[in-house]
Amino acid sequence: MKRLLDLGLLLAVVAGVVAAFAYLQLDLAGLFSADSLRQMGQYAVRFLQPDLSSAYLASIARGALETLAMSALGTLLAALAGLLIALPAAGRFGRAAEALARLLLNALRAVPELVWAALMVLAAGLGPNAGTLALALHTAGVLGRLFAEALENTPPEPAQAIRLAGGSRLTAFLYGTLPGVLPQLLAYSLYRWENNIRMASVLGFVGAGGLGQMLYVSLSLFQEAQAATVILAMLALVLLVDICSSQLRQRWLKA
Amino acid sequence: MNPPSAVARDPAALPRLLLTLLALALLWPGLALSELNLAVLWQADNLATMGKFVGAFWPPAHDADFLDLLLTATLQTLAMATAGMALALLIAVPAALLASRALSLSALTRAGRPAPWAQALRWPVRGLLIVLRSVPEIVWALLFVRAVGLGPTAGVLAIAITYSGMLGKVYAEIFESVDQKPTRALLLAGSGRLAAFCYGTLPNAAGELLSYTVYRWECAIRASVVMGFVGAGGLGQQMDLSMRMFAGNEVASLLLTFLALVLLADALSRLLRGRLQ
């Protein structure tokens, strides 16, 4: 019986793949024909001479810094907002607040960064401000949920002890709960920052600043040399972040 | 006796203050670079436009023409993700076989470490996989839209390229992570490498391989929605168009469809992965 079911599943998958190709009517033969391959080759060749003039490299550096700043501030805002929403979401202010906060977090998280960016470009105009806000909104949803889980899992005794000794709720949170969860909150935030650097470099495609916007503009103006430089800069940024984070992780995990 | 205030007794206050000041000093230039300005959102004219846009969200667009369009876009998104994954597998599986150390003949007699020249031959394949996956799919989509025109073809190619890099790397690692003894026994007994892979490695690795592939398919659906924003077809392209036309009700329908699609893919992927255990 299980065999039969597995076979049916396999057939369904194959049928799905065939249906996908049939629906899209991809002209793969035309795509990989000599003529079209030559055209694509000609297009690709124009990327082989990146613009490495110092003036352009300076503007690339500015774009990269802008991307970094967007991701850092977006993550910081998200961590603050996430913590604010995580408190009710962890059930500290009653059932109704918990349900409401969780709904809010889910909604923030479900919309991808790029969609938020497109919306924020409408709301706040073109430029890195929109990108920062978009990152902050989506990341607040992600971090808020993780923070809420961390808050729920932390032992309540230290905070209770402070409350019993007459401390205020704020003092109990700051000196009883926060020290226990802070390392975890920081680790989550840094991890999301890493993700956001990658994301920030492509948010510009909808006009939200950073390296992405430079790439979009230079591709639209058919400046392939400049576009190639931006792509190289994006790759360098991502690889740099990867190396730094894996180094830091190794060092910190060992300690 | 008067209890001293909690703040005065905090022994870590000074280092905390200094750390905060340091972080602020580092972030200050970032504030200028990112042009962060929350007040923009509360400017009267921005509020008015946004209010009008969001106000139009309810009721979501549901006239027959738009629903037809929505269905086409949704099917296109699903088909893009599926076709892209199928093409990615065509590249990923051979590349993973080439890049993995699990099928190394020279490793058999060297305690699991392939000869240096054999590792050197694997590096070009690994390098190719790194290049394929380190450019984000949306950048590939942007490039392909210019090379092959607007529409789902660009999205399919972008998914195929990025995901072949990711799948190839992970497959190669999975091949190496399962028990190597059956494969080695087969290789030492003189079987061909492909046969040793099919009968030695694959039975152990199949569950993990399939579950990762299904998970990636789910990611591909999300990615293909987003890629539409650069003109690669599907829901994203429709969303971009509706946003440019300031049609709040259409954007609301599209967002709802997107959420439903993601939930559906999530459920389906959980079901499939559950069956594998």
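In the predicted model, the contact between chain A and chain B draws on 43 residues from chain A and 42 residues from chain B. On the side of chain A that touches chain B, at least two residues each come from helix 1 (2–24), helix 3 (34–45), helix 4 (54–89), helix 6 (113–124), helix 7 (128–153), helix 9 (169–203) and helix 11 (224–254) of chain A. Helix 4 of chain A contributes the most to this side, with 7 residues. By class, the side of chain A that touches chain B comprises 34 nonpolar, 7 polar and 2 charged residues.

Within chain B, helix 9 (residues 193–227) packs against helix 4 (residues 64–99), the axes coming within 10 Å and crossing at roughly 145°. The crossing of these two helices of chain B is right-handed. Helix 4 of chain B presents residues including B:Thr77, B:Met80, B:Gly84 and B:Leu97, which meet residues of helix 9 of chain B, among them B:Phe197, B:Arg216, B:Trp217 and B:Val225. This contact of helix 4 with helix 9 of chain B has 10 nonpolar, 3 polar and 1 charged residues.

Helix 9 of chain B also packs with helix 7 (residues 152–177) of chain B, at an angle of about 155° and with the axes 10 Å apart. Because angles over 145 degrees count as roughly antiparallel, helix 7 and helix 9 of chain B are roughly antiparallel to each other. Their crossing is right-handed. Residues of helix 7 of chain B in the contact include B:Gly155, B:Tyr163 and B:Phe175, while those of helix 9 of chain B include B:Thr201, B:Glu208, B:Arg216 and B:Met227. By class, the residues of this contact divide into 15 nonpolar, 3 polar and 2 charged.

Definitions and conventions
Residues numbered from 1 in each chain as written. Chains lettered and ligands numbered in written order. Predicted model: local features only at pLDDT ≥ 70, side-chain atom pairs only at ≥ 80, totals over all residues. Contact = placed C-beta atoms within 7 Å. Helix = DSSP H or I, 4+ residues; strand = E, 2+ residues; numbered from the N terminus. Nonpolar A, V, L, I, M, F, W, Y, C, P; charged D, E, K, R; others polar. Axes fitted to C-alpha atoms, helices over the stretch in contact; angles between N-to-C directions. Left-handed = near helix turned anticlockwise from the far one by under 90°. Parallel < 35°, antiparallel > 145°, perpendicular 65-115°, else oblique.
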